Amino acid sequence: MNDVGSMTVKKIKIGISQRIVNEKNYVERRDAISHDWSNLLEKIDFIPVFIPNSLSDTTSFLESFGLSGMILSGGDNLGIHPDRDKTELECLKFAIAKKVPLLGVCRGMQLINNFFGGSVVQNDNNKHVGNNHAIKILDPNISSILRTDSIVVNSYHSNLITGDILASELTSVAIDETDNSIECLLHEKYPILGVMWHPERNPDENNKTILQYFFNELTHDK
């Protein structure tokens, strides 16, 4: 039967990068991702597609799934695992070439800034490690959909991106209310968004709204 009543709505598939971990009970490296991500994506009706770090041809893998978006997940500094760095750079290049919406989370946002010519600095205190704090939203579109220009986010990073080391193609759309470090950025041309906090660890309405807005609506204007 092929009538309207039997049709199912096609869900959005979101590719997501993974950490590399060493399993102490086995002589092998493994990819890993927090269950928080699959829980969050399921709540907003997205299907997660986990991207391996060991593929010889990441681009063909990404093309085969017909992804509607991608997420560069957080965890670990850049440079610790070259295989992961390589995979995520290929994901970013794929997103640019195909104009696939890409969200960078913490480490992912740092990779985005580095790729476009910016850099990161080491924070000289632990203010951003394990602390919730308020951020000021500078982008009127995002503040409009959240109905506020200030929200509280979590924080688990010891690296910072400041205005003087932000890549020229990127725009700051949210800053920390106390030290003005950049908490959210957006590419001027491509549908690329970066956040320094972890939406998956605090899947409140603000975080769900931002992800839905970015993958469903914001990219339509690009």
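**Exercise 1. Is L138 buried, partly exposed or exposed?**

Find L138 and classify its surface, then list what surrounds L138.

Solution. 
- This is a predicted model.
- Start with the location: L138 sits in the loop between β8 (133–137) and α5 (140–146).
- The relative accessible area of L138 is 41%.
- Buried means under 20% and exposed means over 50%. L138 is therefore partly exposed, at 41%.
- Next, take the contacts. Leaving aside neighbours within four places in sequence, L138 is in contact with S172, V173, A174 and I175.
- Finally, compare sequence and space for L138 and A174. They are 36 residues apart in sequence and 5.3 Å apart in space, C-alpha to C-alpha.

**Exercise 2. Work out the strand order of the open sheet, and find its edges**.

Solution. 
- The open sheet has 9 strands.
- Their order is β4-β1-β5-β6-β13-β12-β11-β8-β9, with mixed pairing.
- β4 and β9 (150–153) stand at the edges. Each has a single partner strand, so one side of each has no neighbour in the sheet.
- From one strand to the next, the twist averages 25°.
- Now zoom in on one pair. β11 (residues 170–176) and β12 (residues 182–187) are antiparallel, paired over 5 bridges.
- I175 has I182 in β12 as its bridge partner.

**Exercise 3. Which strands do helices α2 and α4 lie across?**

Solution. 
- Take α2 (residues 58–65) to begin with. This helix lies across β1, β4 and β5.
- The angle between α2 and β4 is about 160°.
- Turn to α4. This helix lies across β5, β6, β11, β12 and β13 (192–195).
- α4 runs at about 115° to β6.

**Exercise 4. Find the buried side of helix α1, and say what covers its residues**.

Solution. 
- α1 spans residues 35–43, and W37, L40 and L41 are buried there.
- These residues cover an arc of only 95° around the axis, which puts them on the same side of α1.
- Look at the face turned away from that buried side. The exposed residues H35, E42 and K43 are there.
- The cover over the buried residues includes β1 (12–17), β4 (46–51), β5 (69–72), β6 (102–105) and α6 (205–216).
- Check the two ends. S34 caps the N-terminal end of α1, with a side-chain oxygen 3.0 Å from the backbone nitrogen of D36.
- After α1 comes D45, whose phi is positive, near 70°.

**Exercise 5. How many residues of helix α4 are buried?**

Solution. 
- α4 covers residues 107–115.
- Of its 9 residues, 7 are buried, so this helix is mostly covered.
- The buried ones are R107, G108, M109, Q110, L111, I112 and N113.
- Just after α4, G117 takes a positive phi of about 105°.

**Exercise 6. Trace the salt-bridge network that includes R107**.

Solution. 
- The model has 10 salt bridges in total.
- Begin inside α3 (residues 82–98), which holds E88 and R84. E88 forms a salt bridge with R84, and their closest N and O atoms are 3.1 Å apart.
- Why one helical turn? E88 and R84 are 4 residues apart in α3, which separates them by about one turn.
- Both ends are covered: E88 is buried at 0% relative accessible area, and R84 is buried at 0% as well.
- Step to the next helix. R107 forms a salt bridge with E88, with the closest N and O atoms 2.9 Å apart.
- R107 lies in α4 and E88 in α3, so this pair ties together parts that are 19 residues apart in sequence.
- R107 and E88 are both buried.
- For contrast, take the salt bridge of R30 with E28, whose closest N and O atoms are 2.6 Å apart. R30 is partly exposed at 34%, and E28 is partly exposed at 38%.

**Exercise 7. Which residues does S17 touch?**

Solution. 
- S17 has its place in strand β1.
- The relative accessible area of S17 is 0%, so this residue is buried.
- Residues up to four places away in sequence are not counted. S17 then touches I33, I51, I71, L72, S73, R84 and E88.

Note on methods. Residues numbered from 1 in each chain as written. Predicted model: local features only at pLDDT ≥ 70, side-chain atom pairs only at ≥ 80, totals over all residues. Heavy atoms only, no water. Buried < 20%, exposed > 50% of the residue type's maximum accessible area, 1.4 Å probe, protein only. Helix = DSSP H or I, 4+ residues; strand = E, 2+ residues; numbered from the N terminus. Arc of directions from axis to C-beta. Contact = heavy atoms within 4.5 Å. Polar contact = N/O pair within 3.5 Å; in protein donor to acceptor, adjacent residues only side chain to side chain. Pairing = 2+ DSSP bridges. Axes fitted to C-alpha atoms, helices over the stretch in contact; angles between N-to-C directions. Salt bridge = Lys/Arg side-chain N within 4 Å of Asp/Glu carboxyl O.
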